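Trainee: Could we go through this structure together? I would like to start with what the database record says.

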Amino acid sequence: MLGFLVKRLALALLVAVTVSVVGFVLLRASGDIAVAIAGEGATETDIQAVRQQYGFDRPLPVQYVEWLGKTLSGDLGRSVYFNVPVAQLIAERLPVTLLLGALSLVFALALSIPLGVVAALRPNSLLDHAALWLAVFGQAMPSFWFALLLILVLGVWGRLLPISGTGSLLNYVMPAIALGYYATPAIMRLTRAGMVEVLGSDYIRTARAKGLRTGKVLFKHALRNAVIPVVSLAAVQFGFMLSGSIVIESIFALPGVGQLAWISLQRSDFTVVQGIVLMLSVIYILLALLADLFNAWLDPRIRVA
Amino acid sequence: MSGGMSPGMGETPLLAVEDLRVDLPLEQGTLHAVRGLSFEVGRGETLCLVGESGCGKSLTSLAVMGLLPRRAKRSARRLSFDGQELLGLSERRMAALRGNRLAMIFQEPMTSLNPAYSIGDQLEEALLCHRRVGRRQARERAVHLLERVGITAAGRRLGQYPHQLSGGLRQRIMIAMALMCGPELIIADEPTTALDVTIQAQILHLLLELKREMGLALVLITHDLGVVARVADKVAVMYAGEIVESGSAVEIFGNPRHPYTRGLLSCVPVPGRTRPGEPLGSIPGIVPSLVGSLEECGFRERCALAQAACRRPVPLHRLEAGRAVRCVLADPAGAPA
């Protein structure tokens, strides 16, 4: 188990370094940052001055190492537009985004896992087909359009839920549904496939031969084995949700990291964008690690790897 | 084992199966996998169900346990355990019997244990779901039985997972699991087929020793006639979903009446029956399709002694005590001597 842990941590670190290098290089390659910082109507001398002031005239590796050192000490630079530290900007907005992501994931799991199990219990039944249609529907519908539909039906017509802002938890219901629904189809189909396979396995027959009740057979013996691939997928989907929150937060006027990313992209506020990309990557990597650890707990065979 | 082990007339057999049928609906039609099977097993008795692959042996055992796949249809005139009718029993009531008073051991030890749970958990669970006992007692019982089935360092094994153990060990664990509640009947479906030859004999010995010691009744499903000759009280030879011949082991081996049984016996060396140097036989042809109705002797096309009467349904002729043969040649009324 310790070997497994060390291996996974090393892998996560390696991915983090790679992502930081790629992110750094991509941002430098996406245009002359000095021009963007100097602003409209700046002269060549102004731009040159900016280059020197920010150190853009030095070799890339040097810039990277310096940036990395600062980043590790928590200094993500200053936003050109807001003129406040990037770390502060993100820290203010991260709780909103994380809450939205978590609620979306809970919604997605709470809908898709029971549906997947039920569909697997009676393959090709009416329920199975209904679940499949729900999945196809979710996969096919763009989340921004689904979000607008929700606003129209639940907010404008039904007047059941607030359509924007962060006043209460109720404000998060619609965004979480809009964001979570997108992840539902994949999780549901994978749960179904896993359960169908596991239910046909010999150890389920053994569990029944022991005289265990159906509930115990299903939830103790079958589900634990069936959700192993689902855990990895859910982590990936959570990552997608964080990026999907850029659109959803804008629609529902939630002041989260997604909205910040949207504003900063419009204003070419590169330091902020870079900070957000890095933060999202780190969250993503941590999630993957968490999923691996959870799977190792679920399946003892993984612990050896 | 002496003949005195057989139950006397009038005594309730532990397991009584009458006219058991298992049908599997397929796209091409209905597969009649088990076609009117009848047999009885008395307390402490060993019945061997013998036959080649696909003759319906495994489905028969699953049908008795109520573990058939959902699409399979089971019917019977009677299917009773210790006088209690199992047909129409609710899943809840059936689950209360399974693993408790009748247990099963499967053919595939490598895949029959749940990879996600420790050996101890899976063993203890078998007792905990039927008896009002604590974890500690269940654990003690598990250790005791693991030692009993010949597993060393039993206490340490409880914490191990299936993937850490060999096939032979896993099958010993499956046997221990079947014994957790002290069942009266064990159905063992080819329990040694998937194992190495050297391990096969050990496992079989173990099973027989435990059976004798605990007074269990055993239904042993096998295609290994050498095994049957050593262990069976009664033998039922299955072919194409039917019992073609049944009787005491001594009679079946000493005086096989059905051409299929004779063919089967000629295919394998049986201690005391096959002379050294004598070539072994084989049965030509293939098993008939059981999709749709089969209104004739299933063995007719492979039988050297086939005659016109074989094209009609052949009833099971009951001969002297406990002996039955499904062959026109065995008909005491009409057969030429």
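Predicted model: local features only at pLDDT ≥ 70, side-chain atom pairs only at ≥ 80, totals over all residues.

Trainee: How much of residues 98-121 of chain A is helix, and how much is strand?

Mentor: Residues 98-121 of chain A are 100% helix and 0% strand in the model.

Trainee: Let us turn to helix packing. At what angle do the axes of α10 and α11 of chain A cross?

Mentor: Helix α10 (residues 214-226) and helix α11 (residues 228-251) of chain A cross at roughly 45°, and their axes come within 4 Å. The two helices, α10(A) and α11(A), are therefore oblique to each other.

Trainee: Which residues make that contact?

Mentor: On the α10(A) side they are R224(A), N225(A) and A226(A). On the α11(A) side they are I228(A), P229(A) and V230(A).

Trainee: Another proline, then: where is P61(A) found?

Mentor: P61(A) belongs to helix α4 of chain A, which covers residues 60-72.

Trainee: Is P61(A) buried or exposed?

Mentor: P61(A) is exposed, because its relative accessible area is 57% and the cut-off for exposed is over 50%. The C-alpha atom of P61(A) is 9.6 Å from that of V21(A), although 40 residues separate the two along the chain.

Trainee: Changing topic: how many disulfides does the structure hold?

Mentor: There are zero disulfides over all chains. For C181(B), the nearest cysteine sulfur is that of C129(B), 6.3 Å away. For C303(B), which is also in no disulfide, the nearest is that of C310(B), at 6.2 Å.

Trainee: Are C181(B) and C303(B) buried or exposed?

Mentor: C181(B) counts as buried at 6% relative accessibility. C303(B) is buried as well, with a relative accessible area of 17%.

Trainee: What is the average pLDDT of chain B?

Mentor: Chain B averages a pLDDT of 89, and 94% of the residues score at least 70.

Trainee: Where does pLDDT stay under 50 in chain B?

Mentor: It stays under 50 over residues 1-9 of chain B. For that stretch the model has eight contacts beyond four places in sequence.

Notes
Residues numbered from 1 in each chain as written. Chains lettered and ligands numbered in written order. Heavy atoms only, no water. Disulfide = S-S within 2.5 Å. Buried < 20%, exposed > 50% of the residue type's maximum accessible area, 1.4 Å probe, protein only. pLDDT = per-residue confidence, 0-100. Contact = heavy atoms within 4.5 Å. Axes fitted to C-alpha atoms, helices over the stretch in contact; angles between N-to-C directions. Parallel < 35°, antiparallel > 145°, perpendicular 65-115°, else oblique.
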